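User: I am new to reading protein models. Please take me through this one, feature by feature.

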Amino acid sequence: MIIAIDGPAASGKGTLARRLARHFGLNHLDTGLLYRAVGQRLRAAGLDPADEAAAVRMAETLDPTGLDPEALSGSAVGEAASVVAAIPAVRAALLDLQRRFAHTPPGAVLDGRDIGTVVCPDAEVKLFVTASAETRARRRHVDDLRIDPATAFETVLADIQKRDDRDSSREVAPLAAAEDAAVLDTTDLDAEGAFRAAVALVEEAM
Ligand code: C5P
């Protein structure tokens, strides 16, 4: 059983993926962490995330075990991630690892941007989780305020729109709903409502 969850930044797909994995007893992989880890390693080495050769090297030697979501959170790392994610050879280097994870028993929930379209086109369930940019920025802003109480809403909104644009317009594996994905718009749903709607969609497909 593979559940593919895609969607834009701060759509709530990560929280949803984690809860679905727990509920259905499946493994969970937040694939954004892989791109974030590559972006983070480049930044730590003082290298430009757009440096293709360096980014590919980082992707090829990435140890996917024990990535720390906390250490990889934050918009600067997210921004670097979306730059490296537009490099086709970086995506290729991370593909096998994601597929192996997906096909390891008892199955998995993977969340990202291209799971239903590229990584696991054969997934039993595909969800595309989305919400208006303002709603997503409002949710992200609440989180960011805990780290920096001076964070401006407008900055968060601009960051999200910039990342959406880059993720949707890149040539390889752009952010897009698979043709056979169920679209879950969480603009007017809280986390609990989104979870219940998703469980119903998964049970329908089982
Ligand atoms: O989901 P998250 O914000 O952690 O992802 C960071 C960046 O990684 C995204 O903006 C996107 O550019 C990239 N990404 C991707 N494909 C995935 C997951 C993430 O291109 N499957």
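Analyst: Start with the record: UniProt positions are given in the numbering used here, feature names are shortened, and annotations may be inferred rather than shown by experiment. The unreviewed UniProt entry annotates residues 3-195 as "domain: Cytidylate kinase". This is a predicted model, where local features need pLDDT of at least 70, side-chain atom pairs count only at pLDDT 80 or more, and totals for chains, interfaces and linings use all residues. Residues are numbered from 1 along each chain as its sequence is written, and side-chain values use heavy atoms, leaving out hydrogens and water.

User: How many helices and strands does the protein have?

Analyst: Both are DSSP runs, numbered from the N terminus: helices are H or I, at least four residues, and strands are E, at least two. Here there are 9 helices and 5 strands. Their order along the sequence is β-α-β-α-α-α-α-β-α-β-α-α-β-α. Residues 3-195 are 52% helix and 12% strand. The end C-alpha atoms of that span lie 14 Å apart.

User: What share of the residues is buried?

Analyst: Buried means under 20% relative accessible area (1.4 Å probe, protein chains only). Of the 206 residues, 47% are buried.

User: And how do I read contacts?

Analyst: A contact means heavy atoms within 4.5 Å. Take the contacts between residues at least 6 apart in sequence: 77% of them join residues at least 24 apart.

User: What are the spans along the principal axes?

Analyst: The C-alpha trace spans about 50 × 40 × 30 Å along them.

Key
Buried means under 20% relative accessible area, exposed over 50%, partly exposed in between (1.4 Å probe, protein chains only).
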